[in-house]
Structure formats: C-alpha cells, structure tokens
Amino acid sequence: MKYVLLLMGNAGDAECGADEGPDPSEFMAFDEEINAAGIVVGGFALEGPETGVRVSTRATETIVTSGPFAEGGEFVGGSYVIEVADIDEAIAWAKKSPGSTLGHIEIRPLADY
Amino acid sequence: MVSAGTAEQLAVAQILRTIDAEDRGRLLAALATQLRDLDLAEDVLQEAMVRALETWASRGVPHNPRAWLLTVAKNQALDIIRSDAVKARRLASVPIEHQDTGGDHLDHAVRLGDELSSVNIPDERLGLFFTCSHSTLKEREKIALIMRFLAGLSTVEVAAAFLVDTRTMQQRIVRAKKRITTTGIPFGRPSTEQLRERLPGVLRVVYLIFTQGYTPTTGSAHSRTDLQEEAIALARLLVTLVPHETEARGLLSLLLLTASRAQARTDSAGVPVSLAEQDRRSWDSQLIAEGLSLALTAAGETEAGPYTVQATIAALHAEAATYSETDWEQILVLYGILSRLEPGPVVSLNRAVAMGKAKGPEAGLNALEELAAHPGLEDYRPFHIAHALTLNELGMPEQAGRAFRKALGCLGNDAESDYIETQIRDLLSGKALKRRSG
C-alpha cells in the first residue's frame, strides 16, 4: 500500500536547527535511511509557510494572498510517499522520523482510483 | 434457514446451523486472513453456505464439511477478485492459488474437502483478534468488530447487547471494516514481538466488553449477563489461542471471579447489594473454582500484570467466608502493586478503600481525602459513595449526606441512584446507616 507521511510543524514551534528542535543532520540521516530501504516512491520538502501564496476563487473574483499569514497553526513542512505492506510499517517509519519529535507526522493512505 | 424442504434439506440445514454456531469465527478468520478483506470473507462464506444447502442435500454431505465450505468460499472470492480491478490490484500479493476445478467446481471441492482434515484448517482467530483491536481503530469499532467476528454475533445481536439501534451498529461495523481496508491494517498472526506489545490492547477490548455488561453507565439494568458471558467466552478463546500468556489467563480468571458474584450483586428489585452485604452462598461456586485455580497459577508467574493482580484480589474476596474475614492487608498490598503497574484514579480509589479496611476508617478517610481533588474522581460516583460511607463510619452523618448528594449528581445507572437516595433518606431520618463498602 502507498502512504504519504506528512511532516507537520507548528507555527509557534522552534525552527529546525534551533536549540529544542531536531538537528538538520538527524533529518539527513533519516532521509538516507528511508531512501536506502527502497520504499520511497515520491515526496517533497517545502520552504517555510511564510513563503506560501494562497489562491481562492469565489464567484467571479480570484483572490491571491502572500504570506506570512497572521494565523499560526499547523503547516506541512514536507512529505514522503512510501510503498510498504501495511499501516504498521508506515507507523514504524513515522516513529523513526525526527519530525515526530517536535511536530508530528500525519500518515494518510493514498487513495486508490 | 429453510421453512420447508425434504428430509435431506432439513438435515443439511441442521448441520449448517451447527457449523455456523460453532465454527463461523474460525472459518471467517481463515478466509479474512487469506483474502485480507473482512467484507469479502463474509460474503463468500455466506454464499458457500447457500451452495452447501443446495448441493449437500442432493449429493451428500462431504466428509469434511468445513473444508468444503472454505474451498468453495475461496474459489468464489477469487472469481470476484478477477472481475474487480480495484480489488485485484489491492489483493495482487495475496498468496492464494485458484483451485483449478476442471469440469465440476463443486465436485472438486468435495474431493479436496475429503483430503483436508479439520486440523488442517488453520486457526487464524488470534490474528483476527489483533486486526480487530488495531490501535488505529476507535474503541467502539474494536468492540463491535470483535463481537461481530470473534464472538460471532449478528449485527442485530451486537446492537441489542450495546443498546443501540441496528442501523447505528450496522453503520459502525461497515465503517470499521472500511477503515481496516483503507488504512491497510494488517491481517495474519502477530510476531512474538507484536504479541508482547499488543496483547494488552486485545485483552483490554475483552475487558471493556465485560465491564459494559457488568455496570452499564446508563440505562436501567445494573448488570447485563449476555455481555458478560460473551466476554468470558472471548477470554476463554484467547487462553486457548495463547495458553502461555499469563495475562490472558489472569483476565479470564478476573472475569470468572467477578461474574461469580453476579447473582448476589443485586436484590430481587434490581437494587445493588454491596460486597459486605452480599449473600455469599449465592456466589457461583463453579465459576469461583475455575477462577481461583487460574489466578493461583498466574499469580506466581513472572509475567503477571494488571489483570493477574486484579484476579488475585478477586480471589481473596472469593476465598473469604465472610466479609469480615477478608484479608484486607493482602488486598492493600496488591492494590499497591496494581497502582505501580497501572496507575490511575480508580486504582487509587480502591487502594484507599482497602486502606480503610486494613488500617481503620481514619486511615481510609485520609487516603480518600488525598484523592478528592483528582480530576478523574471529582465526578466519579463510586468515589463519593466510598467517601460518604467512610464519613458515616466515623460518625459524621452531615458530611456523609453531602458526599451522598455529590454522588447523586454524578453519572450512573438508575439502580445506583435508587440506592443512594435510600441512603440519604435513612441519614435524614436519623436511622443508622447500614455498613457498606467496596
């Protein structure tokens, strides 16, 4: 089964590399490990949420807004798309990710169309 | 199954009813594990039963009816999978081969059924227990799935047992099955490591089923025997599946010993009777005997955990000929162990009550009042009842009355409320309170 591991951060949390957060080298080590396991079929890393641009179309009007956005809350920092046997394996990988120590990892099964 | 038919059909229907009652869980578990799909397993087993009814009456009952059913169900499943692209993709890695039937599908299955002895039908129920209690499922979903697929109850029966309407239960089970599939919850036997890590979660579901039968938090009945019996049957099944697991035996023992007091727990009007006032002659001696022997062996094992400790406490109650002869010192020690193994407000409450019995009501009151501010106990009815009874024991009827009124304001079933109201009336009328605790 294919799952997406969404690496979630909190706007209020420490930056990656700051004192409390996991060290960037931990992310690199995890990245190496998960890639070496041969289960990664996709994924991405994102610039910070303040660089985001929002587009919404309502009726005839299109609104484009640029960050930083005032509200805090959760944001997606990056993702892995993995192909593993079942949710237990996906959970095991999420537990290993340094992203689960500061923010959290959301695991979502890829919809099968 | 059939309203009218030939003698053969009636005989076949009877055989199928027996199989359905005794082995449905086992057949379903074997199919679900191979197909990794509970829905499909249910459908094809049902279909195989229907075909059996048609076929066995005319061609005779195969030597091994269960293996026949499994084979026919499996072939049916493979036909369905072939014609369904999505299912086929999902099940691409399912390690089963179509039994090539050559000319006659069913004849072949009969032959194959003859070859397989019933011991060759793998018992996959342990794996199904683990699938149905997976941590990604909601508690009520776990309970519903286990009642449906391991206790073998119909959706209507599960709904009735939990006092919800059939439609609600049906939706809950459908949603839970869907969650297993879309989430990718694994089927199959747990590894040694998974067994150790997850057995507590499986035991907990069975325990929850029992407690829902023992003290429903809402409704009029103080005890629902059907749920208790189902939970005991499930615990018994787990003990046969993992006989070496101490905690599985500990749980069975705890449930048996608790159930042994079921008759004595309420009077003829359904009002709860405290442990102190129960007629010990109405305790079920057969359940006690079995529970005691299980507790005795489990308690001596290194893997003894919270269920075994609770079973040992229940065993000490069961062994006491009268309430006053209860070994409260030992019970206090055991609650101390339990609060280290599984700390929680209810365990602390029980320990405080045992403290009062072992060391006197002042010690008990101190222990209780230390817990008074605990957020888990503020609205917990048994806490305020215990508090009230201890206060009354110390000759403080006004404070006792206040505690009883607090108890009345907490969630609980009607029979308990009646009991509390009686106690308050007795206090107001200056009548001496009957001693009660536990």
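At roughly what angle do the axes of helix H2 of chain B and helix H3 of chain B cross? I will come to that after some ground rules. This is a predicted model, in which local features need pLDDT of at least 70, side-chain atom pairs count only at pLDDT 80 or more, and totals for chains, interfaces and linings use all residues. Residues are numbered from 1 along each chain as its sequence is written, while chains are lettered from A and ligands numbered from 1 in the order in which they are written.

Chain A, to begin. Chain A has 3 helices and 6 strands, where helices (H or I, at least four residues) and strands (E, at least two) are DSSP runs numbered from the N terminus. Along the sequence the pattern is β-α-β-β-β-β-α-α-β.

Now the helix pair. In chain B, H2 covers residues 38-59 and H3 covers residues 65-82; their axes come within 8 Å and cross at roughly 125 degrees. Axes here are lines fitted to C-alpha atoms, for helices over the stretch in contact, and angles run from 0 to 180 degrees between N-to-C directions. Residues are in contact if their C-beta atoms, placed from the backbone, lie within 7 Å. Among the residues that meet are Leu40(B) and Met49(B) in H2(B), and Trp68(B) and Ile80(B) in H3(B). The residues of this contact divide into 12 nonpolar, 1 polar and 2 charged. Nonpolar means Ala, Val, Leu, Ile, Met, Phe, Trp, Tyr, Cys and Pro; charged means Asp, Glu, Lys and Arg; the others, Gly among them, are polar.

Last, the two chains. Their contact takes 7 residues from chain A and 8 residues from chain B. The chain A side has 4 nonpolar, no polar and 3 charged residues.

Methods. Contact = placed C-beta atoms within 7 Å.
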